[in-house]
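Dear colleague,

I am passing on a structure that I have been reading through, and I would be glad if you kept it open beside this message.

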Amino acid sequence: MKIKYSELIDQTLYFPTEEFNVSENNLLFHDIPLMDVVEKFGTPLKISYLPRISQNIQKAKSWFRGAFEKTEYKKNYTYCYCTKSSHFNFVLEEALRNDISIETSAAYDMDIVKSLYEKGKVDKNIEVICNGFKTDDYLAKISEMINSGFENITPILDNYRELDKLTESIDTTFDIGIRIASEEEPKFEFYTSRLGIGYKDIIPYYSQKIAEHPNARLKMLHFFINTGIKDTAYYWNELYKCLRVYARLKKIAPEVDSLNIGGGFPIKTSLNFDYDYQYMVEEIVSQIKKFCEEEGVEEPNIYTEFGSFTVGESGANLYKIISQKRQNDREKWNMIDSSFMTTLPDTWAISRHFIMLPLNRWEDTYERVFLGGLTCDSDDYYNSEQHTNAIYLPVFSDTKPLYIGFFHTGAYQETIGGYGGVHHCLMPQPRHVLIQKDENGEFQYEIFREKQEPEDILKLLGYQG
């Protein structure tokens with residue numbers, strides 16, 4: 001009879017994996033000894049393993065490079081990092097080591113680009129793709145930077161007003177793009193994305209407002225599917241509709257030379273994750289090339305805007321199980337030393353799954369449990385994991401502490417949770433540690449931000465200072 005937690009994992013999941021292994025009864029994450037990290041920094045704890053960012057960027061570049069060679073694709077590929085996934089400076093600086101461009105979505109993003117320039121992390125040749133609905137502040141910052149010599153900034157028009165405002169404030173020639181308002185999957189409450197300009201309106205708009213524009217040059221058509229890049233009839237149908245617009249546009253606007261297919265690569269949310277990245281890249285590149293050949297137009301440069309794929313798999317959240325509550329004959333609640341609503345808001349907001357594993361006691365017997373956070377909110381729990389809506393962990397013991405980790409949590413969680421602010425039930429934000437590797441392959445640890453203290457929270461609430 002198999003009763004050890006390690007035996008449960010062996011018989012139900014793909015393990016070990018690229019990221020995970022076990023040594024001396026304890027979990028390793030990219031060979032990082034997590035129990036050593038816990039003993040050094042305590043819990044709750046947020047960690048960011050920075051080399052994973054570069055690894056994923058280079059993987060995507062290699063997939064597109066291979067697809068271009070296989071299909072004899074003649075144009076270029078550009079990897080853009082979608083900054084809204086994680087705005088932290090350590091993320092941007094790591095990503096920028098890989099010869100990438102940046103995609104922005106709001107006015108403050110432009111201040112980040114300026115800060116990177118002032119620090120010498122980028123020069124004025126940095127390529128910036130400016131997405132999103134643009135407020136006057138956003139448009140003003142775009143215009144200011146273009147006027148000051150940032151020549152590779154490309155605002156992607158979300159509506160008709162934006163070009164008029166840019167024309168008023170930019171005193172040189174500048175590139176623009178147009179975002180297509182794609183149709184959403186039938187399960188959505190609406191039919192068309194609120195972002196972008198409708199398929200049927202793009203050609204008339206170009207002819208009337210852009211073709212004879214004295215300064216603006218249309219260079220890019222932008223396309224994004226909210227549900228991500230998936231091998232489904234819906235995705236391929238939307239891609240073909242986008243390509244039809246590109247082909248029609250290219251025939252009357254030869255200066256259009258780039259197609260931005262947005263983001264949407266998934267990240268691993270289960271140890272049984274199965275997604276053929278290379279196949280999807282090859283199929284996308286092949287379909288673009290084939291469509292353009294049939295239409296007799298030049299194939300475009302291809303841009304992507306991967307955010308979660310870039311940074312998501314670099315993050316992890318570590319907790320201690322501090323108590324167990326038995327609510328009835330069947331339900332056991334393991335209580336973590338933090339709050340899911342504070343540190344992993346997607347788990348309750350959109351029922352997001354993350355990989356969850358114990359950090360220690362892998363040779364102990366296991367039990368089925370639920371996981372609860374410390375707030376008094378009934379939604380502060382996590383009960384849905386890869387084990388078909390059940391969580392199994394080593395049996396709780398008052399004398400043998402149990403630690404758990406949620407992995408691939410590096411995208412969105414901090415900003416959605418309100419990093420540095422006041423959280424539900426005044427749950428403090430945990431300590432955040434960055435992990436890097438030196439030239440000798442040794443792990444280097446740096447505290448990016450200490451945990452919130454009571455006086456920090458009281459000051460925000462107006463009780464101190």
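Predicted model: local features only at pLDDT ≥ 70, side-chain atom pairs only at ≥ 80, totals over all residues.

I begin with strand E10, which spans residues 216-222 and is mostly covered, since five of its seven residues are buried. On one side, E10 is joined by six bridges to strand E9 (residues 174-179), and the two run parallel. Strand E11 (residues 258-260) also runs parallel to E10, with three bridges joining them.

Turning to charged side chains, the count of salt bridges comes to 29. One of them pairs Lys 70 with Glu 282, whose closest N and O atoms are 3.1 Å apart. This pair links distant parts of the chain, as Lys 70 belongs to helix H3 (residues 51-71) and Glu 282 to helix H10 (residues 277-295), 212 residues apart. Lys 70 counts as exposed because its relative accessibility is 60%, whereas Glu 282, at 21%, is partly exposed.

With Glu 293, Lys 289 forms a salt bridge of 3.3 Å, N to O, and both residues lie in H10, four residues apart, or about one turn of the helix. Lys 289 has a relative accessible area of 9% and is therefore buried, while Glu 293, with 52%, is exposed. Lys 289 also meets Glu 299 in a salt bridge, at 3.5 Å from N to O. Glu 299 sits in the loop between H10 and strand E12 (301-306), 10 residues from Lys 289, and both of these residues are buried.

Elsewhere, salt bridges link several residues into a network, made up of Glu 18, Glu 19, Arg 52, Lys 59, Lys 268 and Glu 313.

Lastly, which residues form a nonpolar patch on the surface? They are Val 422, Leu 426, Leu 458, Leu 460, Leu 461 and Tyr 463, and together they have about 560 Å² of accessible area. Among them, Leu 460 lies in helix H15 (residues 454-460) and has a relative accessible area of 49%, so Leu 460 is classed as partly exposed.

With best wishes

Methods: Residues numbered from 1 in each chain as written. Heavy atoms only, no water. Patch = residues over 30% accessible without salt bridge, like charges linked within 9 Å, V, L, I, M, F, W, Y side chains within 5 Å. Areas by Shrake-Rupley, 256 points an atom, 1.4 Å probe, with all protein chains shown as cover. Salt bridge = Lys/Arg side-chain N within 4 Å of Asp/Glu carboxyl O. Buried < 20%, exposed > 50% of the residue type's maximum accessible area, 1.4 Å probe, protein only. Pairing = 2+ DSSP bridges.
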